[in-house]
Amino acid sequence: MKIYLNGEFVEKEQAKISVYDHGLLYGDGVFEGIRVYDGVIFKLKEHIDRLFDSATSLQMDIQTSKDEISKIVIDTIRINELNNAYIRLVITRGVGDLGLDPRKCPKPTIFCIAEPMNPLLGEDGIKVITSSIRRLPVDVLNPAVKSLNYLNSILAKIQANYAGCDEAFLLDSEGYVAEGTGDNIFVIKNGKIKTPPVSSSVLKGITRDAVVDLAKEQGYEIIEEKLTLHDLYVADELFITGTAAELAHVVEIDGRVINNREMGVITKKLSEEFKKIRKIMGTKVY
Ligand code: PMP
């Protein structure tokens with residue numbers, strides 16, 4: 001596997017960064033996880049835009065244009081001759097001294113990893129707990145920024161592991177439903193589809209937005225509003241979206257069984273539509 005690192009492609013074993021890199025020392029960096037389906041990089045432009053927004057928010061100068069960053073992603077897929085893959089694109093503040101001052105980091109570190117990954121079958125539902133760890137408030141470290149600091153999600157994931165669950169949902173600081181450790185949440189009740197707004201401490205997921213668009217195209221009503229755990233417990237259908245998770249239905253949350261553990265009718269429809277559009281909505285590699 002060849003990895004892009006600061007201007008060249010190197011073998012995995014040679015892909016090493018400095019212990020003085022602030023991405024490592026402080027989580028000072030931004031990243032994207034991106035999928036390739038049948039040689040099409042799903043929503044590459046949207047991922048690059050979000051990456052640059054994250055960097056702007058952290059006052060990080062990427063020093064490379066969006067077109068050049070997009071080319072790095074495409075070249076990483078090409079050089080490894082991949083058709084179905086998961087891409088990890090990372091830009092850190094770069095090498096500095098042991099202090100945290102970003103002004104000591106003149107040049108960002110850029111790397112891009114791509115590994116083969118086949119689309120999930122989407123048949124297995126997931127079991128979820130609500131974490132006691134709250135999602136970061138928007139005025140602390142806004143979850144809209146996809147930074148390298150994932151400790152908030154990792155702490156929640158540890159609780160999911162401990163409870164024997166696949167995923168943990170986090171509430172925002174007010175107690176409303178925010179998101180999963182690496183995915184967004186959708187609730188269906190009486191034919192209406194709801195998802196928490198960005199103000200509820202959520203990352204504006206690219207998959208989330210794609211599913212919102214296709215649900216609208218299918219004629220469903222989509223409402224972005226603050227949701228409580230009660231809304232989730234009494235849902236007709238409940239599912240998550242994310243680059244890695246794709247679209248997965250929740251079969252159980254905090255011991256409450258959803259839709260007899262079956263994937264609901266609307267979720268199935270959206271899942272099928274998502275499978276169709278993801279091979280089209282993106283950047284062709286070959
Ligand atoms: N929330 C969090 C915390 C995430 O890490 C992710 C994965 N990037 C998502 C939501 C889903 O976003 P996307 O659909 O863009 O992968």
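Author: A residue is called buried if its relative accessible area is under 20%, exposed if that area is over 50%, and partly exposed in between (1.4 Å probe, protein chains only). The model is predicted, with pLDDT of at least 70 required for local features and 80 or more for side-chain atom pairs, whereas totals for chains, interfaces and linings use all residues. Residues are numbered from 1 along each chain as its sequence is written, and side-chain values use heavy atoms, without hydrogens or water.

Reader: How many of the residues of strand β8 are buried?

Author: Strand β8 covers residues 167-171; strands (E, at least two residues) and helices (H or I, at least four) are DSSP runs numbered from the N terminus. Glu167, Phe169 and Leu171 point one way from β8, while Ala168 and Leu170 point the other way. Residues on both of these sides are buried. Strand β8 is therefore largely enclosed by the rest of the structure, the number of its buried residues being 5 of the 5.

Reader: Which residue of β8 stands opposite threonine 130?

Author: Strands pair if DSSP finds at least two bridges between them. Strand β7 (residues 126-130) runs parallel to β8 and is joined to it by 3 bridges. In this pairing, the residue of β8 that faces threonine 130 is phenylalanine 169.

Reader: Which residue of the hairpin of β8 and β9 takes a positive phi near 100°?

Author: Strand β9 (residues 177-180) is antiparallel to β8 and joined to it by 3 bridges. In β9, glycine 180 stands opposite phenylalanine 169. The hairpin has 5 residues between the strands, and the residue with the positive phi is glycine 175.

Reader: At what angle do the ring planes of tyrosine 37 and phenylalanine 42 lie?

Author: Rings of Phe, Tyr and Trp (its six-membered ring) pair if their centres lie within 6.5 Å, and planes under 30 degrees apart count as stacked, over 60 as edge-to-face and the rest as tilted. The structure holds 5 aromatic pairs. In one of them, the ring centres of tyrosine 37 and phenylalanine 42 are 6.4 Å apart. The pair is edge-to-face because the planes lie at 75°.

Reader: How many residues apart in sequence are the parts tied together by phenylalanine 42 and phenylalanine 274?

Author: The ring centres of phenylalanine 42 and phenylalanine 274 lie 5.7 Å apart with their planes at 90°, so this pair is edge-to-face. Phenylalanine 42 belongs to strand β4 (residues 40-42), and phenylalanine 274 to helix α7 (residues 265-277). The pair therefore ties together parts whose separation in sequence, in residues, is 232.

Reader: Which residues are linked by ring pairs into a cluster, and what is the relative accessibility of phenylalanine 274?

Author: The ring pairs link Tyr37, Phe42 and Phe274. Tyrosine 37 is buried at a relative accessible area of 3%, and phenylalanine 42 is buried at 4%. Phenylalanine 274 also counts as buried, since its relative accessibility is 3%.

Reader: Which arginine lies over the face of tyrosine 37?

Author: A charge sits over a ring if NZ of Lys or CZ of Arg is within 6 Å of the ring centre and within 35 degrees of the ring normal. Arginine 256 lies over the face of tyrosine 233, at 3.8 Å from the ring centre. Over the face of tyrosine 37, at 4.2 Å from the ring centre, lies arginine 278.

Reader: Is asparagine 190 buried or exposed?

Author: Asparagine 190 is in the loop between β10 (184-189) and β11 (192-195). Its phi is near 50°, a positive value in a residue other than glycine. With 66% relative accessibility, asparagine 190 counts as exposed.

Reader: What is the relative accessible area of aspartate 254?

Author: Aspartate 254 lies in the loop between β14 and β15. Aspartate 254 has a positive phi, near 50°, and is a residue other than glycine. Aspartate 254 is partly exposed, since its relative accessible area is 23%.

Reader: How far apart in space are asparagine 260 and aspartate 236?

Author: Asparagine 260 is in the loop between β15 (256-257) and α7. Asparagine 260 counts as exposed, since its relative accessibility is 69%. Asparagine 260 and aspartate 236 are 24 residues apart in sequence, and their distance in space, C-alpha to C-alpha, is 9.7 Å.
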